[in-house]
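Have the viewer open and follow along.

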Amino acid sequence: MSIIQYRKNPSHRFSPLAQLSELHREMNRLFEGGALTDTATGWGPALDVIHDTDRIEVVVELPGLRKEDIQLSLQDGVLTVSGERKAVTETQTDETHRTERFFGKFQRSIELPAEVNPDKVDASYKDGVLTVTLAKADESKPKQITIQTN
Amino acid sequence: MNTTAPIHENETTEGARYCTPKADFHSGPEGTRVELDLPGVTSDGLEITVEEQRLTIHGRRKNSEPVGDWVYQEIRPYDYRRVFSLANTIDTAKIKAELKDGVLNLHLPLAERVKPRRISVG
């Protein structure tokens, strides 16, 4: 799946073709299981993206990882979470009956819904959940406009 | 898993208002080890009960009602639940559980009476 701008340049004119292609993208997004999963490089953990007026929060489910095994990068408004989940090798005599969990390398990239301030990014890992909080850039925050009276 | 396995799925918790946590199952001479992914669950929100030979795992996510609008929502905001039937070869009184970084490690030891024993000839 390709990386698409998240409504950064909304078309104000009525354009049925653009709307159709938007619908097409939305359908693909639904069927491909959400944001941009790079399946070629392994598995893609589930994530949520929430935003309000001044911040964007990205929540990624990454159970059983070490902080050192998670990489985060931000470039051109795309946040990439990657890393590796290493399988814990315990006693060799143990026989594995069934495996449902994912191990190995993972990578996910998300086009952020607004411009962010790259100096104001916080990331924390707790209870197997990575939370990244990004402050929106001042220019992408909604502005209150005072109406002048004569 | 077949019915002779020391642990098998007792009921399906898929659908409904639950998430079925993904699990791995390993067996060794000492018993069975189950690892379950429960991201977002702390020990306060985790309830493990054994009744007869029925093991129930119920995990509540930390309440984190998001402030704002969703752009993507892939994480199902429901509790985790999974129920297993244990063979009577497992000593349910000695089950141990550890929760770390959203992974639950369950140790289900074999009862002493079923463990292999060497019998010396007198």
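Let's start with a sheet that crosses between the chains of this predicted model. Five strands line up as β6(A)-β3(B)-β4(B)-β10(B)-β9(B), making an open sheet with antiparallel pairing. At its edges sit β6 (95-99) of chain A and β9 of chain B, each of which pairs on one side only. Going from one strand to the next, the twist averages 15 degrees.

Strand β9 (residues 96-100) of chain B runs antiparallel to strand β10 (residues 103-109) of chain B, and five bridges join the two. If you want specific pairs to click on, B:E98 has B:N105 as its bridge partner in β10(B), while B:A97 is partnered by B:L106.

Strand β2 (residues 47-51) of chain A meets β7(B) in the antiparallel sense, over four bridges. Here A:I50 stands opposite B:W70, a residue of β7(B).

| Strand | Partner | Bridges |
|---|---|---|
| β9 (residues 96-100) of chain B | β10 (residues 103-109) of chain B | five bridges |
| β2 (residues 47-51) of chain A | β7(B) | four bridges |

What about the contact between the chains as a whole? Chain B puts in 31 residues and chain A puts in 30 residues. On chain B's side, the elements that give two or more residues are β3 (23-28), β4 (31-37), β5 (41-51) and β7 (69-73). β3(B) supplies the largest share of that side, with six residues. Sorted by class, the side of chain B that touches chain A has 15 nonpolar residues, eight polar ones and eight charged ones.

As for its contacts with a separation of 6 or more, 57% are between residues 24 or more positions apart.

How values were computed. Residues numbered from 1 in each chain as written. Chains lettered and ligands numbered in written order. Predicted model: local features only at pLDDT ≥ 70, side-chain atom pairs only at ≥ 80, totals over all residues. Contact = placed C-beta atoms within 7 Å. Pairing = 2+ DSSP bridges. Axes fitted to C-alpha atoms, helices over the stretch in contact; angles between N-to-C directions. Nonpolar A, V, L, I, M, F, W, Y, C, P; charged D, E, K, R; others polar.
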